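Here's a quick briefing to read with the model open beside you. Have a look at the structure first, then work through the notes by topic.

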Amino acid sequence: MTVTTDLASYEDALATYDPVMGLEVHVELGTKTKMFCGCSTELGADANSQTCPVCLGLPGSLPVVNAIGVESAVKIGLALHCEIAEWCRFARKNYFYPDMPKNFQTSQYDEPIAFNGYLDVQLEDGEVFRVEIERAHMEEDTGKSTHVGGATGRIHGASHSLLDYNRAGIPLIEIVTKPIEGAGQRAPEVAKAYVAELRELIKALGVSEARMEMGQMRCDVNLSLRPHGTETFGTRSETKNVNSLRSVERAARYEIQRHAAVLSSGGTIVQETRHFHEEDGSTTAGRIKDNAEDYRYFPEPDLVPVAPAREWVEELRKGLPELPRVRRNRLREEWGVSEHDMQSILNAGAVDLIAATIEEGADAASARKWWMGELARSANESGRALDELAITPSQVARVTALVAAGDLNDKLARQVIDGVLKGEGDPDTVVEKRGLKVVSDEGALTAAVDEAIAANAAIADKIRSGKVAAAGALVGAVMKATRGQADAARVKELILQKLGVEG
Amino acid sequence: MPGITREEVAHLARLARLELKGEELDHFAGQLDDIIGAVARVSEVADQDVPPTSHPLPLTNVMRADEVRPSLTPEQALSGAPAQEQQRFKVPQILGED
């Protein structure tokens, strides 16, 4: 299926139009059980092995809300500076689609548990942009459909579909922004920075791992354009399930260019959902949006209202962790790194790892050096995230301690890290097994130094006559003789001492 | 008078995936009109100080601990399904909505 879509150039689009965005992010909570029943949320289980009368919507079953689900929603609301409802209800969102066996999704409609907040996001150049939050509400995930008989597993042309309801009922928090205005040409960047910051926040709260690649966090990008100088919003499109930070930015950019081309040629934008295509960053038309009234929302009679006590809310507020952006700025100062370096550390997913390594006793410079150097390279080569490497912050801290104590030099330390990554054990075990100790036995070192001096008499003479810089060649010879296991600084000291020169 | 139109009935029928004939649309428009009219009488007696009731009992905050309870087996879960395949619920072609 080839559809050619006219796109305006990004610059032309922005010269004529002002983009307005609305971002809807769904976060799957990391609870042990589903939102309204005790079925496990564990991933990777056999199809339909985690269902019960409640999440299958069988007659006579009665849902009861998960206390941790509600608590997580309140925490997210508080961290987003929202007001927390004194009293709110669940609502049924009715629709015909087999991904929910109940024929409705339990959600919240006009009484979200959290509303009216904001999240400050920092762009790459340090500019802070405030994104206003409309609401955060509780709902549940849907089942997983597999379409059979179509060309590429797509719904078009499928003869039938197969449903696995293990995911149906897993707690979701939907976080909706107010219209994001005034971002101008930086709109796609703001969208990406917002989702990135929200992800950090969710992780810091400990309510979800928020791994976008696993669908634990998904973003819908609403976008419209209006001519510069006008107030009324244009018709929006809603690009669904954009599942990486880079894709959020690309989807916003693409829609700006597509809308501009349609509007500039006198056309109108259809209010519809769009599918995002990872391969080329384009979007294609989905379905025409139902109006909210078509979902025939009504208060869920089987679940009683949630009325978070003020004392409880204040208790949760007190327990909130330092917000990620505030924490990053604090750590940046403590570590003495630039904005730009901190951004790289964040992008590499190394903030928590470096902080943990420092907590285990490493100095900031060494912790950063290993995670952003050797380990980042290793992660990159194996196509994994840094925190998926087979090494812990405490093991990295141990390596830096060995280096600081003079037991290892950098070259040996790299071999120790290599050993740990290959599963040979913790750093001390690798040192032991591979025999990687720096030669600190003075007898052995002195012998190696004597040999080097004897073998390089001409250089030794130069040093004796005061050319201290020439000592490098002798140090090199000793290092070679000890297969890199000597402490280079100590070797130099010994050489100068032997030749009667002060360093 | 609420005045339910034929078009509104057709729209509702589409949402409910019901296929209605022309005369049925007219028939149901009249009936729905009567029903809504009857229900609307409630608002005549409910004054401003009577909040709409969704839950008859004054209960709030009924919650359960986040503890796993046994699920049905896949066989049990699928036992009422008219059709199944690969341990999944088999449903007819989904209308070209997506």
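Predicted model: local features only at pLDDT ≥ 70, side-chain atom pairs only at ≥ 80, totals over all residues.

**A helix pair in chain A**

Residues are numbered from 1 along each chain as its sequence is written, with chains lettered from A and ligands numbered from 1 in the order in which they are written.

**More on the helices**

- Helix α13 (residues 442-455) and helix α15 (residues 471-481) of chain A pack at about 125°, with axes 9 Å apart; axes are lines fitted to C-alpha atoms, for helices over the stretch in contact, and angles run from 0 to 180 degrees between N-to-C directions.
- Helices here are DSSP runs (H or I, at least four residues), as are strands (E, at least two), numbered from the N terminus.
- On the α13(A) side, the contact uses A448(A), V449(A), E451(A), A452(A) and I453(A), and α15(A) brings L474(A), A477(A), V478(A) and A481(A); contact means C-beta atoms, placed from the backbone, within 7 Å.
- By class, that contact has eight nonpolar, no polar and one charged residues (Ala, Val, Leu, Ile, Met, Phe, Trp, Tyr, Cys and Pro count as nonpolar, Asp, Glu, Lys and Arg as charged, and the others, Gly among them, as polar).

**Where chain A meets chain B**

- 41 residues of chain A are in contact with 33 residues of chain B.
- β2 (65-66), α2 (67-79), β9 (160-164) and β14 (282-288) of chain A each supply at least two residues to chain A's side, and β9(A) gives the largest share, five residues.
- Chain A's side has 21 nonpolar, 14 polar and six charged residues.
- β2(A) pairs in the parallel sense with strand β1 (residues 63-64) of chain B over two bridges; pairing takes at least two DSSP bridges.
- N66(A) has R64(B), in β1(B), as its bridge partner.

**A three-strand sheet in chain A**

- The open sheet runs β5-β4-β15 with antiparallel pairing.
- β5 (104-107) and β15 (298-299) of chain A are at the edges with a single partner strand each, so one side of each has no neighbour in the sheet.
- A91(A) stands opposite P299(A) in β15(A).

**Confidence**

- The model scores ipTM 0.81 and pTM 0.81.
- Chain B has a mean pLDDT of 88, with 94% of its residues at 70 or more; pLDDT is the predictor's confidence in each residue, from 0 to 100.

Technical notes:
Contact = placed C-beta atoms within 7 Å.
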